[in-house]
Amino acid sequence: MSAQLFVVATPIGHLDDMSYRSIDVLKSVSLIAAEDTRTSAQLMKHFNISTPLTACHEHNESNKIDILVQKLLNGEDIALISDAGTPLISDPGFKLVRAAQANGIRVIPVPGACAAIAALSAVGLPSDRFSFQGFLASKQSQRLQQLEKLKDETQTLIFYEAPHRILDSVKDMAAVFGADRPVGFAREITKTFETIKKMTLGELAEFIAADHHQQKGEIVLVVGGASEEKDMEQEKLDQLLQRLLQDLSVKAASQLAADLTGIKKKIAYQRALELSQAAE
Ligand code: SAM
């Protein structure tokens, strides 16, 4: 008799990101457990979904679980949604999913928008291995400790950050990871003022400090792993050498690149040689 618990993703800004399947599921279930029923009521209205809503947020999730699991065991299908994006991803829902699973209830994901994945897909940093870190601590001493533990991590790191803390967090990251570490800044994804940029942590701190608009809205930071600044330096050197090699000999191009960047002449010569041979 037991029913199913659907974990349904909703848009993170642009309402057209709502999937056909998510609308069908939300219309077909008996009850929708929502983080904030007032926020979700607007979404339901937009998509003509009249299924009743019940609140299930971080403060009442533990108490609500028994009631929701009982309803599922009685045969009522339930959908879980959060205010935006994928439930459980820096949002409530984990305890409910775990309890449903423990009671033999089938849990079905209905995938869709997730700010972390959307940011990773567009910032141009390695996406083969990444680690989602959620929100850093709001207290600076704790934040610095958390960053210190991540300093040597070679995977790409994804952080959510509140707008009023973004500048402080980026400055702390630059202090711990180094100002040259590459970072992707993804703000207001899918919304009117969407901003997607890749630069170094030092440059990002300056960019945000100089323009207070960048300290507004919703933000994801994607930080390159510990070896990534070397790759970025290599990428920049290659671009410079490739341009110089269009007009100069290997010797002259490498000499000029060494003068401009401060890298050793021998290294610049070796790389210029490789690039010119590869181009032949
Ligand atoms: N469950 C959501 C998801 O799947 O992405 C995340 C919920 S978490 C409480 C909210 C945080 O996600 C925001 O503070 C921001 O860091 C990030 N976020 C959500 N929507 C975003 C958007 N449109 N653009 C950039 N970041 C966003």
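Visitor: Is Glu188 buried or exposed, and what is its relative accessible area?
Guide: This is a predicted model, in which local features need pLDDT of at least 70, side-chain atom pairs need 80 or more, and totals for chains, interfaces and linings use all residues. Numbering starts from 1 along each chain as its sequence is written, and side-chain values use heavy atoms, without hydrogens or water. Buried means under 20% relative accessible area, exposed over 50% and partly exposed in between, with a 1.4 Å probe and protein chains only. Glu188 is therefore buried, with a relative accessible area of 13%.

Visitor: What is the phi of Glu188, and where is the residue found?
Guide: Most residues other than glycine have a negative phi. Glu188 has a positive phi, near 55°. Strands are DSSP runs of E with at least two residues, helices are runs of H or I with at least four, and both are numbered from the N terminus. Glu188 is found in the loop between β8 (182-187) and β9 (195-200).

Visitor: Where does Ser90 lie, and what is its relative accessible area?
Guide: Ser90 is a residue other than glycine with a positive phi, near 50°. Ser90 lies in the loop that runs between β4 (78-81) and α4 (94-102). The residue is partly exposed because its relative accessible area is 33%.

Visitor: Which strands are at the edges of the sheet of 5 strands?
Guide: The sheet is open and mixed in pairing, with the order β6-β7-β10-β8-β9. Two strands pair if DSSP finds at least two bridges between them. Pairing on one side only marks the edge strands, which are β6 (130-135) and β9.

Visitor: What angle does α7 make with β10?
Guide: Helix α7 (residues 166-177) packs on the sheet and touches β7, β8 and β10 (219-223); contact means heavy atoms within 4.5 Å. The direction of α7 makes an angle with that of β10 of about 5°.

Visitor: Which residue in β7 is the bridge partner of Ser131?
Guide: β6 and β7 (residues 156-161) run parallel and are joined by 5 bridges. In β7, Ser131 has as its bridge partner Leu157.

Terms used. Axes are lines fitted to C-alpha atoms, for helices over the stretch in contact, and angles run from 0 to 180 degrees between N-to-C directions.
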